[in-house]
Amino acid sequence: MLILDRKESQSIMIGNNIEITIVGIRGDHAKIGIKAPRDIKVFRKEIYEEIQKSNIEASKTKVNPDQLKNLGNLIKKKK
Amino acid sequence: MKVMTKAFGEIEVSEKQRISFKEGIFGFEDISSFILIDAEEGSPFYWLQAEHMPEIAFVMINPYMFTEYVLDMEPEDLKELDISDDEDILIFCIVTVADDPSDITVNLLGPVIINRKTHIGKQIISLNEKYQTKHPLFQLGGGDNADS
């Protein structure tokens, strides 16, 4: 991993069109500004990890068709 | 065609049920082909079954069956799914099933979007930050909604 030292309001360029700016630093929080083309998706890493974790958990649960049928009826009743 | 499933053993499915996920889904990035199966007629639940891995399958629900879901997605995702007409969009949310119904949760943050015309699917990240991966299924209905 490349590690660069940056001060508040200084930036890093990734390629020609992605700019990352340290907008502010307060204690252990860094506020980061990202300028990137529209087709580059920017998300906090926790969100990816959370969805991954949730998928893995969902894939592991045992479900029998009867259970789903009962749940389906419960939902339909509520509606 | 025949597919081995986690829920029903080997079953016959139609080619139309095969959905191609170019990037897989989160945590299962290598699985590019899933089969979409109705849990049963009239049920709000669906199965997303990995075509070549019988043990990998997800229960999904149409979120509109129990909550007023607002789909807020990146224009890039729409492009990747090749969606030109809203009518082509199918939206599902993955359910984590538990024995106690009150422990069952639904992932509203990472919905699975399917283009019903082209059979392309993708799990996206909702831009709506109020959604989480673990909304209780039975709190969402019954008057409450995902805002709380």
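Analyst: Let's start with K122(B), which is buried at a relative accessible area of 8% (buried means under 20%, exposed over 50% and partly exposed in between, with a 1.4 Å probe and protein chains only). Through salt bridges that share partners, K122(B) belongs to one network with K41(A), E23(B), D77(B) and E80(B); a salt bridge here is a side-chain nitrogen of Lys or Arg within 4 Å of a carboxyl oxygen of Asp or Glu.

Before going further, a word on the basis. This is a predicted model, in which local features need pLDDT of at least 70 and side-chain atom pairs count only at pLDDT 80 or more, while totals for chains, interfaces and linings use all residues. Residues are numbered from 1 along each chain as its sequence is written, chains are lettered from A and ligands numbered from 1 in the order in which they are written, and side-chain values use heavy atoms, leaving out hydrogens and water.

Back to the lysine. One of its bridges goes to D77(B), with N and O 3.7 Å apart. K122(B) sits in strand β10 of chain B and D77(B) in helix α1 of chain B, so this pair ties together parts that are 45 residues apart in sequence (helices, H or I of at least four residues, and strands, E of at least two, are DSSP runs numbered from the N terminus). D77(B) is buried, as is K122(B).

K122(B) also has a salt bridge to E80(B), at 3.0 Å from N to O.

Over all chains, the whole structure holds 13 salt bridges.

I40(A) lies in the loop between β3 (29-35) and α1 (45-60) of chain A and is partly exposed at 39% relative accessibility. Together with I32(A), I34(A) and V42(A), I40(A) makes a nonpolar surface patch of about 320 Å². Patches take residues with over 30% relative accessible area and no salt bridge, joining like charges within 9 Å and nonpolar side chains (Val, Leu, Ile, Met, Phe, Trp, Tyr) within 5 Å.

A negative patch draws on both chains: D66(A), D38(B), E40(B) and E41(B) form it. Among them, D38(B) lies in strand β4 (residues 33-38) of chain B and is partly exposed at 47% relative accessibility.

D82(B) is in the loop between α1 (75-80) and β7 (89-96) of chain B, and has a positive phi of about 65° without being a glycine. H119(B), in the loop between β9 (112-115) and β10 of chain B, likewise is not a glycine and has a positive phi of about 60°. H119(B) is partly exposed, at 23% relative accessibility.

Chain B has two helices and eleven strands, in the order β-β-β-β-β-β-α-β-β-β-β-β-α. Its radius of gyration is 15 Å, close to the 15 Å that the globule rule gives for 148 residues, so chain B is as compact as a globular protein of that length (the radius is taken over C-alpha atoms, and the rule is 2.2 Å times the number of residues to the power 0.38). Buried residues make up 53% of chain B. Chain A reads β-β-β-α-α along its sequence. It has a radius of gyration of 22 Å, whereas a compact globule of 79 residues would be near 12 Å. In chain A, 23% of the 79 residues count as buried, and its C-alpha trace spans about 60 × 30 × 25 Å along the principal axes.

Note on methods: Areas by Shrake-Rupley, 256 points an atom, 1.4 Å probe, with all protein chains shown as cover. Lys, Arg positive; Asp, Glu negative; His and termini not counted. Charge placed at Lys NZ, Arg CZ, Asp CG, Glu CD.
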